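Open the model in your viewer and keep the selection panel at hand.

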Amino acid sequence: MCGIVAGTGVKNVQTLLLEGLKRLEYRGYDSAGIALQGQDGRVHRWRAPGKVVGLEALLDPKIAGSTGIAHTRWATHGVPNEANAHPHQAGRVTLVHNGIIENFKTLRAELVAAGRTFSSHTDTEVVAALFDHLIQSGRPLREAWLATLSRLDGAFALAAMVEGEPGVVFGARRGAPLVAASGAGAGFLASDIMAISGKAESVVYLDEGDIVFVRPDNIEIVSATGKPVERQLVAAPRSITMAEKGNHRHFMQKEIYEQPEVVGRTLAAYIDTEDGKVSARNGVDFAQINRLLIVGCGTASYAGQVAEYWFEKLAGLPVKVDIASEFRYRDPAFLTGDAALFISQSGETADTLEALRLCKKAGLQTIALVNSPHSSMAREADVVVPTLAGPEIGVASTKAFTCQLTALAALAVQAGVQRGQLDDAAEESRVADLMALPGLMNSALATESKIDSLASELAHASIVLYLGRNELFPMALEGALKLKEISYIHAEGYAAGELKHGPIALIEDGVDVVVIAPHDALFSKTRSSIQEVRARGANVIAITDEVGARELEGEVNTVLSLPAVNGAMTAPIISAVAVQLLAYYIAVHKGTDVDQPRNLAKSVTVE
Ligand code: M6R
């Protein structure tokens, strides 16, 4: 949440910052701002509520400079208006911040008592004021920066500059991502290497507690006490493919369409295609694990919920799935032989990262299933199991989710083999099912035009319920989440069998109910749930397969027929395509901002 980009020694820093903000906009888009030290020795600042494009219109390209900082905001303290937009200024200090300063009220009261005034409602302005206050009181800049940071509680990444000192950017990382980099005589700071890709030649992924002074010719990293800290400088990724929409109208649509390809790529990392077996090169031995804890947030946690069925069915491995924000504060009780798997697209989600640290501290083996190979989770976990979805730009997760499911399915087969629950034939048959996924997903995408016309009817709904059983129950949750996120329609997912225990009271004439019901072992049970809601006037849309479609003829209002799948591992992944397309087209018909829906951010790095 919130994106920071900064540079010093840059030929045209305004262009660098603007481009960097555009690349970081996925982190938040409530407001944006840029400040640079002009050649006239003054700091120039532009800020605008809303997206970066609004800021761009305000910029004055004639004002040149080589040092500057910029920010795209996801509001925590204070509404998203210009006054609360970053960079914040106090005296000589200009500063941007990602995170939350928990003790800002105390600090603000102290600074007010010392005669300072404030022009925003943010916690950030307090940090700028404190830094400036310490400089004005005569402390050398370096000492003032360390003293400022020593007063802050909370989680943050910061970048600051001081008027009249154009050769340095001050940074700090505590609980929010920050990278420092250099290239072509310039120094950079950014929330994500993507912001400075193409400019940076070498990069340092800062660690927790690192304080950094970035200069055009060097990156100096120190601890809270000012002692030098050695960090590995690695070659910056040469080019991080900047996602383009291509012929698609939205990134989300493009990412839905990329799924056959990226699922195939992810499969290749887990499966030995030659002999049709799982490759198990990741170093996880599920035979040594007595219970697997799976932790994530949002869509990632739903991937974990689907996997719970798979690990239990295929490997007899007990699983407990938790939402990270609950898990980390619950004082979880551990058992001997527990291992913990963390699922995250970004690898930076604050609650999931803290849950990982908690498990690590408790001595559990930690496994990170992440899409972002340089993320904090990837660096801190004992084992990394990757998804190869590539950059996901749409805020609503699509291809990262199906890649998570794909990797989890392969891991569940690996666990089944390692725990002696799957023999060679069973393993090969499961692997063959998985290998069919890209083709099946392509066929599922062919339902697009039918889904589009259904979506035009559902765009007027005020409530949509999603039902499913077993692995398809979490898919009902995911379908409802996708719809809520991008269309703002109230949607809920339920286990079909739970309907009678309360949710059925919501059903009345015309309420839309999406039932995910492939023709599997529980089809007849789900069919009963369909009859129960139909009897009460619901408009039922069944997402099923060819056999299911035949059986349900006349029993539901609309049938979406997906390709027939073999077995429980592929059905959720194929149905994901349908629920994604449905949410996507409903949002398109409603005219909402599909890729950057209101109030959300792609990477939630504050708790
Ligand atoms: O980066 P992560 O996978 O850790 O993010 C977790 C959730 O914030 C994320 O899945 C969120 O629910 C998405 N907006 C869902 O579409």
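In which loop is Asn470 found? Select Asn470: it is in the loop between strand S22 (463-468) and H16, where helices (H or I, at least four residues) and strands (E, at least two) are DSSP runs numbered from the N terminus. The model is predicted, so local features need pLDDT of at least 70 and side-chain atom pairs count only at pLDDT 80 or more, while totals for chains, interfaces and linings use all residues. Residues are numbered from 1 along each chain as its sequence is written, and side-chain values use heavy atoms, with hydrogens and water left out.

Stay on Asn470 and read its backbone: phi is near 50 degrees, a positive value in a residue other than glycine. Most residues other than glycine have a negative phi. Asn470 is partly exposed, with a relative accessible area of 30% (buried is under 20%, exposed over 50%, partly exposed in between; 1.4 Å probe, protein chains only).

Next, select Lys484 in helix H16. Its relative accessible area is 32%, so Lys484 is partly exposed. Not counting residues up to four places away in sequence, Lys484 touches Ile489, Ala491 and Glu492 (contact means heavy atoms within 4.5 Å).

Now select the ligand. It is surrounded by 14 residues, the closest being Ser344, Gln345, Ser346, Thr349 and Glu485 (a residue is near if one of its heavy atoms lies within 4 Å).

- a polar side-chain atom of Ser344 to a ligand oxygen, 2.6 Å;
- a polar backbone atom of Ser397 to a ligand oxygen, 2.8 Å;
- a polar backbone atom of Val395 to a ligand nitrogen, 3.2 Å.

Taken alone the ligand exposes 410 Å², of which the protein buries 91% (Shrake-Rupley method, 1.4 Å probe). Colour by domain, with bounds from an automatic or database assignment: domain 2 (250-435) and domain 3 (442-607) both give residues to the shell, so the ligand lies between them.

Move to Thr398, in the loop between strand S21 (383-386) and helix H12 (399-418). Thr398 counts as buried, at 0% relative accessibility. Leaving aside neighbours within four places in sequence, its contacts include Met252, Glu255 and Gln580.

Two backbone stops remain. Asp331 has a positive phi of about 50 degrees although it is not a glycine, and at 71% relative accessibility it counts as exposed. Finally, select His86 and Pro87: the peptide bond from His86 to Pro87 is cis, with omega near -5 degrees.

How values were computed. Polar contact = N/O pair within 3.5 Å; in protein donor to acceptor, adjacent residues only side chain to side chain.
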